[in-house]
Amino acid sequence: MAGSDQVNLIESKTVVPLNTWVLISNFKLAYNLLRRPDGTFNRHLAEFLDRKVPANANPVNGVFSFDVIMDRQTNLLSRVYRPAYAGGDPPSFTDLQKPVDGEVVPVIVFFHGGSFVHSSANSAIYDTLCRRLVGLCGSVVVSVNYRRAPENRYPCAYDDGWTALNWVNSRSWLQSKKDSKVHIFLAGDSSGGNIAHNVAVRAVESGIDVLGNILLNPMFGGTERTESETRLDGKYFVTVRDRDWYWRAFLPEGEEREHPACSPFGPRSKSLEGLSFPKSLVVVAGLDLIQDWQLKYAEGLKSAGQEVKLVYLEQATIGFYLLPNNNHFHTVMEEIAAFVNAE
Amino acid sequence: MKREHSHRETSSVKVDSSSMTANKEEAGGFDELLVVLGYKVRSSDMADVAHKLEQLEMVLDDGISHLSDDTVHYNPSDLSGWVDSLLFDLNPTCDQVKPDQDSEYELSAIPGSAAYPPGKRTRTGSDSPTTTTTTRSMVVLDSQETGVRLVHALLACAEAVQQNNLKLADVLVKHVGLLASSQAGAMRKVATYFAEGLARRIYRIYPHDDVGLSSFSDTLQIHFYESCPYLKFAHFTANQAILESFATAEKVHVIDLGLNQGLQWPALIQALALRPGGPPDFRLTGIGSSLTGQSIQEVGWKLGQLANAVGVNFEFKSIVLNSLSDLKPEMLEIRTGSESIAVNSVFELHRLLAHPGSIDNILFTIKSIKPDIITVVEQEADHNGSVFLDRFTESLHYYSSLFDSLEGPPSQDRVMSELYLGRQILNLVACEGEDRVERHETLVQWRNRFSMGGFKPVNIGSYAYKQASMLLALYAGADGYKVEEHEGCLLLGWQTRPLIATSAWRLNRVG
């Protein structure tokens, strides 16, 4: 086995810049330390190791942020990112929730990744990504600190996403001037993409307008082992075994991967046909072992008559969007900007 | 599979060289992109760190979680150090682990029971580049209309005071009073204290630190200790660092720069009593102000009783001073060479910033007694800026978070805690010059001060972090309290706002 492991390691090292490789390998190692075979999770160590950053009302590179408590009962916190005001002065407390200034101002409700278990809204990797989205799309970004597994299983993350969506939708200061409505997009990477999908389904059922879904390497799965899972198992930072562990941690106890949360176009899911589901931008990394599930998701949307743009990046691995040191990063950022501003 | 090999090489080389040439001076040679994400890896070390990660992968498989239960981790931002210590844990005979170049001293692995963290390789931190940009961390706790208007009025009043427009300030402070009365909860209390501070400043009725009130102050602190976890966290984390530093020493000496009611020490005495191999001789020097002179002796006596009860040899000495600045090394009667020394300061050092030169005096004294560890707990806030309005704004948000965390069913402890904090607010807002002693500064600022003063950080690790988190869950129960690790220091905050920081230091013996 040692021989083929060697090949695996060398392979992943040739497709990403060295600092990216170090970053993602570090996560991989840390996460291996945290997951226990019995399905429990070393949360204390996870929080100790996670690099977090505070919100900052002083603009940095044209973006400032502050945290809000959306729901005291569940202690649901989110981080709001806004473009700095003209003049560049740091906003005072009363300016934080000043009405957005524009005919059309997109508001992106963002769900961070971490396979439902890792990271937080104030994790450095996600704080950085959200800041980028602000400038890129000329939008406000609201990053939701949803409850995580295994302590909080399905449907907690979706419930928190739903709470956040309602909160955003009801803020008068987030309304665009054009129609006095909040122009909402849902976005997320990995488990965040999964959450975005599920919140969008709930939105459609309840009549809240979502203008678009942005799914970056969304986390989906299913019972069988797909070709990509077999081919890419263990080769690019991710293993089938760890994917299984996360689904067991998130799904209700005893549930299998055919559960609709894991498999939205599987045997147990509801059809989206005829629903005015938001248009979707689905980004799939060609070296992500769950790509078959992601492609199946995009196909499923199409078959249900929904608008979907698929961006397939052949040489991209997971986490390519965390550092701006590769072409995939720039390609995807442009796609996102176009998608959000095409309203 | 198509390999964009040459493309990758170019891009990675480009990243390395650009971060090396363009950013070496700014970021101290650290990879700029990783710094943003919280990791400090020198570009020149990147390949080495990658290699070690590969080595770790080869040695480990999926079932390595049992490791994390035994291993103590330190300073995850220092990826190189972290990876090194993991390799060391797995293979102690492995000589590929490079020694910490910054320190001549390495605490060797101490075989021990679960009661004590295996004091291994307490890594001293490498020099961190100083950040000049300040962070204003705001949590909107109350987005109600009245809350916003109240804050707005307070800030407007503070601005008027800043501009010495006392007529306007007078009008506004009354307006604040009106608004506050229609507010509920934490915001009302905070606003009331800040308004009182402003009023005192406007009418020049400054609060005094009366003689009779000092013991009252001690009493308030006890209630503060009981009602919320901040002091418990401070004591607990400092004690963990002290215990780790004392390791197997036979004689230990703790110098507490502010003994107060000695609430920190029963737990340490008990932990020492339980040490495998038996407790050391424990000597405590408690320092207090001349206003509390009598009660220091009493505190010492009570601690002695406890020590006797658990079988720890105990010696106590009290030192009474007007100011910590007056502390001279001779007063401490150090028994050089035979005792392990810890200097402990919980919320004491910032007071010295009110008098120029005082902080340098105490740091000099500390240095001259050559302690093995110095534990420092301070408020994590920028309340000592030169502009009144900035201080006012910062502290308004700080105490809003603090008061918010105290909200709950009414109790005497809570009421007294609010009074305890209220007095800090009044001092901060209404006083100036040497009277203004609540001069809180941030961890970054303290780090600078200690570095310049000839001290090196001692990293507080994951064991202390975990125990602190568990302690919080026990006492506080609320989800709102959060412990964070930041480059070897631990911070306790409410929601995402850090409120107090514990750090540990020792002498920089190099040069």
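Predicted model: local features only at pLDDT ≥ 70, side-chain atom pairs only at ≥ 80, totals over all residues.
Counted by residues, the interface brings 72 residues of chain B into contact with 67 residues of chain A.

**Polar and charged pairs across the interface**

Between chain B and chain A there are 15 residue pairs in polar contact, both residues of each pair being at pLDDT 80 or more. On the side of chain B that touches chain A, helix α4 (residues 46-59) of chain B gives the most, with nine residues. The residues on that side of chain B divide into 32 nonpolar, 22 polar and 18 charged. Across the interface of the two chains the rule also finds four salt bridges, and one that can be described in detail joins B:D404 to A:R72, with the closest N and O atoms 3.0 Å apart.

B:D404 belongs to helix α15 (residues 388-406) of chain B. Is B:D404 buried or exposed? With a relative accessible area of 10%, B:D404 counts as buried, because the cut-off for buried is under 20%. Leaving aside its neighbours within four places in sequence, B:D404 is in contact with A:R72 and also with B:L141, B:A186 and B:W494.

In β1 of chain B, B:V140 is the bridge partner of A:V68.

**Salt bridges over all chains**

A search of the whole structure finds 44 salt bridges over all chains.

| Salt bridge | N to O distance |
|---|---|
| B:D404 and A:R72 | 3.0 Å |
| A:D242 and A:R243 | 2.9 Å |
| B:D170 and B:K174 | 3.0 Å |
| B:R414 and B:E418 | 3.2 Å |

In the pair within chain A, A:D242 is buried at a relative accessible area of 7%, and A:R243 is buried at 13%.

Why are B:D170 and B:K174 separated by about one helical turn? They lie four residues apart in helix α8 (residues 166-181) of chain B, and therefore about one turn of the helix separates them. B:R414 and B:E418 are likewise placed four residues apart, about one turn of the helix, in helix α16 (residues 412-430) of chain B, and both B:R414 and B:E418 are buried. In chain A, salt bridges that share partners join A:R43, A:E47, A:D50, A:K52, A:R148 and A:E151 into one network.

**A buried tyrosine in a loop of chain B**

B:Y74 lies in the loop between α5 (65-70) and α6 (79-90) of chain B. Its relative accessibility of 7% is under 20%, and B:Y74 therefore counts as buried. The side chain of B:Y74 makes a polar contact with the side chain of B:E244, at 2.4 Å. How many residues apart in sequence are B:Y74 and B:V458? The two are 384 residues apart in sequence, whereas in space their C-alpha atoms are 9.7 Å apart.

Methods. Residues numbered from 1 in each chain as written. Chains lettered and ligands numbered in written order. Heavy atoms only, no water. Contact = heavy atoms within 4.5 Å. Salt bridge = Lys/Arg side-chain N within 4 Å of Asp/Glu carboxyl O. Polar contact = N/O pair within 3.5 Å; in protein donor to acceptor, adjacent residues only side chain to side chain. Helix = DSSP H or I, 4+ residues; strand = E, 2+ residues; numbered from the N terminus. Nonpolar A, V, L, I, M, F, W, Y, C, P; charged D, E, K, R; others polar. Pairing = 2+ DSSP bridges. Buried < 20%, exposed > 50% of the residue type's maximum accessible area, 1.4 Å probe, protein only.
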